[in-house]
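Here are my notes for someone opening this model for the first time. Keep the viewer at hand and go through the points in order.

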2 protein chains.
Amino acid sequence: MSGEQTVPGSPGPSRRRGAVLEEAILRAAADELLESGYPGLTMDRVAKRAGTNKNAIYRRWPNRAALGVAAYSRLVKAQTQPPDTGTLRGDVLALLRRINCDQASPTGEILRSLLAGVGDEPELLAELQSQVGDGGSATWLTVLGRAVARGEAPPKALHPRVATVALTLLRNEYVTQGLSRIPDTVITEIVDEVYLPLIRGRATG
Amino acid sequence: MSGEQTVPGSPGPSRRRGAVLEEAILRAAADELLESGYPGLTMDRVAKRAGTNKNAIYRRWPNRAALGVAAYSRLVKAQTQPPDTGTLRGDVLALLRRINCDQASPTGEILRSLLAGVGDEPELLAELQSQVGDGGSATWLTVLGRAVARGEAPPKALHPRVATVALTLLRNEYVTQGLSRIPDTVITEIVDEVYLPLIRGRATG
DNA sequence: TCGCTAAGGTACGAAACGTACCCTAAGTTC
DNA sequence: GAACTTAGGGTACGTTTCGTACCTTAGCGA
């Protein structure tokens, strides 16, 4: 929570413009998302928190959903460096746990709300999807590729739908269970009961 | 679309009560869901369409989300008879295609909206989940059980998380792709690239 | 026949989206 | 350095929709 964004020390009108103001708005929106979720993401409140008004927001984003997606993108960006623990199981567990820790606490509820908020606008849906979903497709293929190089997995496993199954199952937990953080037992179950049997089973089956 | 629910032939006030009125409201709400989706599910419009007013609705459901979930349940109930084609692949394909035909056209968008609309109310989320998600868990276990009996799958495959993987992947398509109906190639890909390798791979891997 | 319950009609307050209008500060150009 | 253009600030407004309140009226049972 970065608190209010009005420049505190300057009494006179020191007016932010352009990218600076845009950053302040996005930060305020992201904070609101974290605190109150997407239903609590009110244009008036974001404007107030950013120390500006709705005009400045609507000049940049056409509606609340677009602002929500943009703010959400700020929350979940960053971590795309795939782990390298030396084993496929270790890498997959690390990936899922990282998602569960860094993203999950707000993501479950917020993502669920946003998926609805974007409604019929496919552009926003695509952006959400690229942020959350198969934005990580490359990551998973990297991890799997190393496993293939080590002989842990057959080359046939390098298939996007196969590679991302673990992420899909984890996201399904977020969406359908309504939990903010998934228990680690569920993660290990996904890995040991589904993902690794799927990957390795393809080697012999 | 069942149209307006006001009794057409009777000019005088012929007032419906109890279960009859409740049915009319639910049907009106379901029709609104089909026509306009959850965002278009307005209490005033449902009341008007059902030929009643908001009082009668709020006396039965505490808020819009509850009415939405109840109406949605009407839309997706019915089909729970598992298919029996003689092969696991045939059964799984039949299940997914049935879901894709009977449910999908409205389900994708509506489900996405509802998942958000229920927001923080876990009871409604659980009801949604039981209607859409693991309401089918028993179905999938039945299908898998027959496959085990035929020797098509190992008994270890009779695990809820494993059994429902195909459904989870299909639902993931609905939620993240924003399509009302999934192409059949995606369904066969889910079955042939993920589900069957997962089930059969466990036999040998 | 007489109440009691529930439905109908309507109006209202609150919240929030999105728009409009005018004023003013920050850059920009000459 | 002055005029001009652009963009931010403040505010008010119209609209929609949720959820509530209040009163009237019809159906049903005792």
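1. Start with the layout of chain A: along the sequence it reads α-α-α-α-α-α-α-α-α-α. That is ten helices and zero strands, where helices (H or I, at least four residues) and strands (E, at least two) are DSSP runs numbered from the N terminus.

2. A word on the ground rules. This is a predicted model, in which local features need pLDDT of at least 70 and side-chain atom pairs count only at pLDDT 80 or more, while totals for chains, interfaces and linings use all residues. Residues are numbered from 1 along each chain as its sequence is written, chains are lettered from A and ligands numbered from 1 in the order in which they are written, and side-chain values use heavy atoms, with hydrogens and water left out.

3. How much of chain A is buried? Of its 205 residues, 51% count as buried; here buried means under 20% relative accessible area, exposed over 50%, and partly exposed in between (1.4 Å probe, protein chains only). As for contacts (heavy atoms within 4.5 Å), take those in chain A between residues at least 6 apart in sequence: 70% of them join residues at least 24 apart.

4. Next, look at helix 1 (residues 18-36) and helix 2 (residues 43-50) of chain A, whose axes come within 8 Å and cross at roughly 125 degrees. The axes are lines fitted to C-alpha atoms, for helices over the stretch in contact, and angles run from 0 to 180 degrees between N-to-C directions. The pair is therefore oblique, given that angles under 35 degrees count as roughly parallel, over 145 as roughly antiparallel, 65 to 115 as roughly perpendicular and the rest as oblique. On the helix 2 side of chain A, Arg45(A), Val46(A), Arg49(A) and Ala50(A) meet helix 1 residues including Ala28(A), Glu32(A) and Ser36(A).

5. Glu32(A) deserves a click. It lies in helix 1 of chain A and is buried, with a relative accessible area of 4%. Leaving out residues up to four places away in sequence, Glu32(A) touches Gly37(A), Gly40(A), Leu41(A), Arg45(A), Val46(A) and Arg49(A). Its C-alpha is 9.7 Å from that of Gly68(A), 36 residues away along the chain.

6. Helix 1 of chain A also meets helix 4 (residues 64-76) of chain A: their axes come within 8 Å and cross at roughly 85 degrees. The two are therefore roughly perpendicular. Among the residues making this contact are Leu26(A), Ala30(A) and Leu33(A) from helix 1 and Leu67(A), Ala71(A) and Tyr72(A) from helix 4.

7. What angle do helix 1 (residues 18-36) and helix 4 of chain B make? They cross at roughly 85 degrees, with axes that come within 8 Å. That makes them roughly perpendicular. The contact involves residues including Leu26(B), Leu33(B), Ala71(B) and Tyr72(B).

8. Stay with helix 4 (residues 64-76) of chain B. Its 13 residues reach 18 Å from first C-alpha to last, close to the 18 Å expected at 1.5 Å a residue; the expected span is 1.5 Å times one less than the number of residues. Ten of the 13 residues are buried, so the helix is mostly covered. Among the buried ones are Leu67(B), Gly68(B), Val69(B) and Tyr72(B).

9. Helix 7 (residues 137-150) of chain A has 14 residues that should span 20 Å, and its end C-alpha atoms are 20 Å apart, which agrees. Its buried residues include Trp140(A), Val143(A), Leu144(A) and Ala147(A). Gly151(A) follows the helix, with a positive phi near 85 degrees.

10. Which residues have the most contacts inside the largest nonpolar core? They are Leu96(A), Trp140(A), Tyr195(A), Leu96(B), Trp140(B) and Tyr195(B), in a core of 62 residues. Such a core is a set of buried Ala, Val, Leu, Ile, Met, Phe, Trp, Tyr and Cys residues joined through side-chain atoms within 4.5 Å. Beyond four places in sequence, Tyr195(A) touches residues including Val92(A), Trp140(A), Leu144(A) and Ile190(A).

11. Asn172(B), in helix 9 (residues 165-177), counts as buried at 15% relative accessibility, and it touches Thr168(A), Arg171(A) and Gln177(B), not counting residues up to four places away in sequence. Ser36(B), found in helix 1 of chain B, is partly exposed at 30%.
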